[in-house]
Amino acid sequence: MPVVVAVAAAFTALLSGCSTENSGGTAEPTAAAAAAASPGSSTPTTSKSAKPVDSTEYRQDDDGFGRAGYFFSSPSGSFSCAIFDTPLDTFGLPIGAACQGRAATPPGEQDCVKPDGLQAPVPGLGVGPSGTQFLCIAGSPLFTSESTVLPYRSSLIANGYTCHSAETGVTCQFNLDGTGFKVSREASSLTLDGDSQQPDASVTVPDVRGERPTKAENLLAEAGLTARVVGGTGRGPQGGQCVVAEQEPAAGTKVATGTRITVTTGEIGGKPGSC
């Protein structure tokens, strides 16, 4: 029987039942189930054929619970999902991307059970650097923000994670090692098969030092990364142009696709932070 515990008083969200490591394989949804989910579509779409979306359209600096990240819902309305800036701590495991909704229970996990005196829990699946996790979420839902729909055959890439929307469900993965989950009303899983995983999960950080901030952002975007600019972008206090003086992670580092690179500007000839 899963044990229900509080995540945080500010969220008034209660979680129960989790898996600390990836589970085994899962059966794929039947053709009939896929057709019911999307009439007229007979071929399941994998993340390898997905079109990346503009992540800024899904950005929220505060979802109402003080959490920042990228929030979306599935076209069917069955699932609310998020890629967080700061991973959630669930039973000691960091969760960077997660979905909640009317999900089938993954193989090897216990069904969510309504505790006495509490609301019926809602299934959720999450993934982080330490693996995947199945959650039973009671009380206020874990994802309650007004989020933008992620269309079928589209992928949202942010903070080192990729979430893909398809007629057969939503998949999210940690790009660095390909660990992830698939959530669906018909068949959910805490593992991803080869067709569900993104190719080229890691990229090399380019050297953008000395570049103007706008160009640095473009170079990082072309490499499959996102930028966080710290400092001014115009002229410094001495009238010199502001350029990237420092970046973290450093150039040449292997990181997950979608990782945010912090670039600190400085006036030409000056120190980082002088703009």
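The protein chain has two helices and 19 strands. Helices here are DSSP runs of H or I with at least four residues, strands are runs of E with at least two, and both are numbered from the N terminus. This is a predicted model, where local features need pLDDT of at least 70 and side-chain atom pairs count only at pLDDT 80 or more, while totals for chains, interfaces and linings use all residues. Residues are numbered from 1 along each chain as its sequence is written, and side-chain values use heavy atoms, with hydrogens and water left out.

Some totals next. Of the 275 residues in the protein chain, 48% are buried. Buried means under 20% relative accessible area, exposed means over 50%, and partly exposed is in between, with a 1.4 Å probe and protein chains only. The accessible surface comes to about 12,400 Å², and carbon and sulfur atoms hold 50% of that; the areas are from the Shrake-Rupley method with a 1.4 Å probe, and for residues only the protein chains shown count as cover. Among contacts between residues at least 6 apart in sequence, 62% join residues at least 24 apart, a contact being heavy atoms within 4.5 Å.

Now the cores. A nonpolar core is a set of buried Ala, Val, Leu, Ile, Met, Phe, Trp, Tyr and Cys residues joined through side-chain atoms within 4.5 Å. The largest one has 24 residues, and Phe72, Ile83, Cys172, Phe181 and Val183 touch the most other members. Leaving out residues up to four places away in sequence, Cys172 touches Ala97, Cys99, Val127, Thr162, Cys163, Thr179, Gly180, Phe181 and Leu192.

On to helix H2. Which residues of H2 are buried? They are Pro213, Ala216 and Leu220. These lie on the same side of H2, because they cover an arc of only 60° around the axis, taking the directions from the helix axis to the C-beta atoms. Thr214 and Glu222, on the other side of H2, are exposed. The cover over the buried residues includes E16, strand E17 (242-248) and strand E19 (260-267).

Last, Gly224. Gly224 sits in the loop between H2 (213-222) and strand E16 (226-230). Just after H2, Gly224 takes a positive phi of about 85°. Gly224 is partly exposed, at a relative accessible area of 26%. Beyond its neighbours within four places in sequence, Gly224 is in contact with Thr257 and Gly258. Its C-alpha atom is 9.4 Å from that of Ala158, 66 residues apart along the chain.
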